[in-house]
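Thanks for coming. I will walk through one structure today, and I will keep to what can be read from it.

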Amino acid sequence: MEVTRERAWDTLTKYTQSEALRRHALAVEAAVGWYARHYGEDEELWRATALLHDFDYEMHPTLDKHPQDGAPILREEGYPEELVESVLSHAEHLSMPRDTQLKKTLFACDELAGFVHACGLVRPDGIETLEPKSVRKKLKQPSFAAGVHRDEVYEGAEQLGIELDEHIRNVVEAMRPIAGDIGLRTGAG
Ligand SMILES: [Fe+2]
Ligand SMILES: [Fe+2]
């Protein structure tokens with residue numbers, strides 16, 4: 001089968017009704033898609049992988065099932081092993097090697113996109129003027145977006161080999177065009 005982001009979106013929305021989970025998928029997709037272009041990689045495959053990384057979370061909300069029990073479903077749906085492996089590798093508890101640029105990028109974008117989203121929700125202009133400095137400051141406040149694993153944010157940037165500030169800047173830039181779609185206020189009001 002040909003992997004497209006449209007097809008991945010169909011699969012995601014078939015298994016995921018939660019608006020919050022769909023928005024998380026879109027945020028991670030934007031970031032991973034940005035990096036696909038940046039590295040000159042297969043943008044459709046990268047976007048599809050990002051969209052699907054938590055596709056089974058609604059039915060498998062615990063770590064004894066997510067994402068490992070989702071993998072056979074993706075295979076049944078016809079997705080290639082490269083996508084399935086990359087989806088599996090985002091989970092810390094599976095301890096899989098992140099041995100491709102796609103795996104490194106997905107891991108680096110997952111928690112950070114969630115965190116940038118959270119930062120945008122409490123700002124009057126969303127992520128329009130969000131700077132790395134204020135993201136880093138919020139990362140140091142454990143009570144803010146407490147569900148985001150800080151260690152994974154730092155580890156992700158390190159594995160990707162990009163300075164955290166630059167990575168934050170890239171992810172914010174990537175997410176700006178979809179700010180409205182993920183419930184953030186935009187410059188246009
Ligand atoms: Fe996940
Ligand atoms: Fe995620």
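**Spaces, irons and core**

By class, the residues lining the largest cavity are five nonpolar, one polar and one charged. Before I go further, please note that this is a predicted model. The residues in question are Leu12, Leu21, His24, Ala25, Leu51, Asp54 and Phe55. Helix α2, residues 19–39, gives the most to this lining, with three residues. The volume of the largest cavity is about 30 Å³, and a search of the whole structure finds one cavity of 30 Å³ or more.

Next, the largest pocket. It holds about 580 Å³ of space. There are 25 residues in its lining, and the closest to the centre are Asp54, Tyr57, Asp110, Glu111 and His149. The elements that give two or more residues to that lining are α2 and α6. Which of the elements gives the most to the lining of the largest pocket? That is α6, with eight residues. By class, the pocket lining divides into 12 nonpolar, eight polar and five charged residues.

Which residues coordinate the iron ion that is ligand 1? They are Asp54, through OD, and His66 and His90, each through NE2, at 2.1 to 2.3 Å. Along the sequence, these donor residues are spaced D-x11-H-x23-H. Asp54 also bridges two iron ions, ligand 1 and ligand 2, which lie 4.1 Å apart. Distant parts of the chain are linked here: aspartate 54 is in the loop between α3 (43–52) and α4 (71–76), while histidine 90 is in the loop between α5 (81–89) and α6 (101–121), 36 residues away.

A cis peptide bond joins histidine 66 to proline 67, with omega at about -5 degrees. Proline 67 sits in the loop between α3 and α4. As background, most peptide bonds are trans, and most residues other than glycine have a negative phi.

Two residues are worth a look on the phi side. Serine 95, in the loop between α5 and α6, has a positive phi near 45 degrees. With a relative accessibility of 62%, serine 95 is exposed. Alanine 145 also has a positive phi, near 45 degrees. Its place is the loop between α7 (132–139) and α8 (150–160). Alanine 145 has a relative accessible area of 23%, so it is classed as partly exposed.

Now the inside of the protein. The largest nonpolar core has 58 residues, and the ones that touch the most other members are Leu83, Val171 and Met175. Which residues does leucine 83 contact, leaving aside neighbours within four places in sequence? The list is Val3, Leu45, Ala48, Thr49, Leu52 and Leu74.

Histidine 117 is buried, at 12% relative accessible area. Not counting residues up to four places away in sequence, histidine 117 touches Arg23, Met175, Ile182 and Leu184.

Helix α1, residues 5–15, has its own buried set: Arg5, Ala8, Thr11, Leu12 and Thr13. The cover over those residues includes α2 and α3.

Last, arginine 176, in the segment after α9 (164–175). Its relative accessible area is 30%, so arginine 176 is partly exposed. Leaving aside neighbours within four places in sequence, arginine 176 is in contact with Ile127, Glu128 and Leu130. How far apart are the C-alpha atoms of arginine 176 and alanine 30? They are separated by 8.9 Å, although the two residues are 146 residues apart along the chain.

Note on methods
Residues numbered from 1 in each chain as written. Chains lettered and ligands numbered in written order. Predicted model: local features only at pLDDT ≥ 70, side-chain atom pairs only at ≥ 80, totals over all residues. Heavy atoms only, no water. 1 Å grid on protein atoms, 1.4 Å probe; cavity = no way out; pocket = protein on both sides within 12 Å on 5 of 7 lines; lining within 4 Å. Points joined across faces, edges and corners; volume = space filled by probe spheres on them. Helix = DSSP H or I, 4+ residues; strand = E, 2+ residues; numbered from the N terminus. Nonpolar A, V, L, I, M, F, W, Y, C, P; charged D, E, K, R; others polar. Donors = N, O, S within 2.8 Å, 3.2 Å for Na, K, Ca; no water. Buried < 20%, exposed > 50% of the residue type's maximum accessible area, 1.4 Å probe, protein only. Contact = heavy atoms within 4.5 Å. Core = buried A, V, L, I, M, F, W, Y, C linked by side-chain atoms within 4.5 Å.
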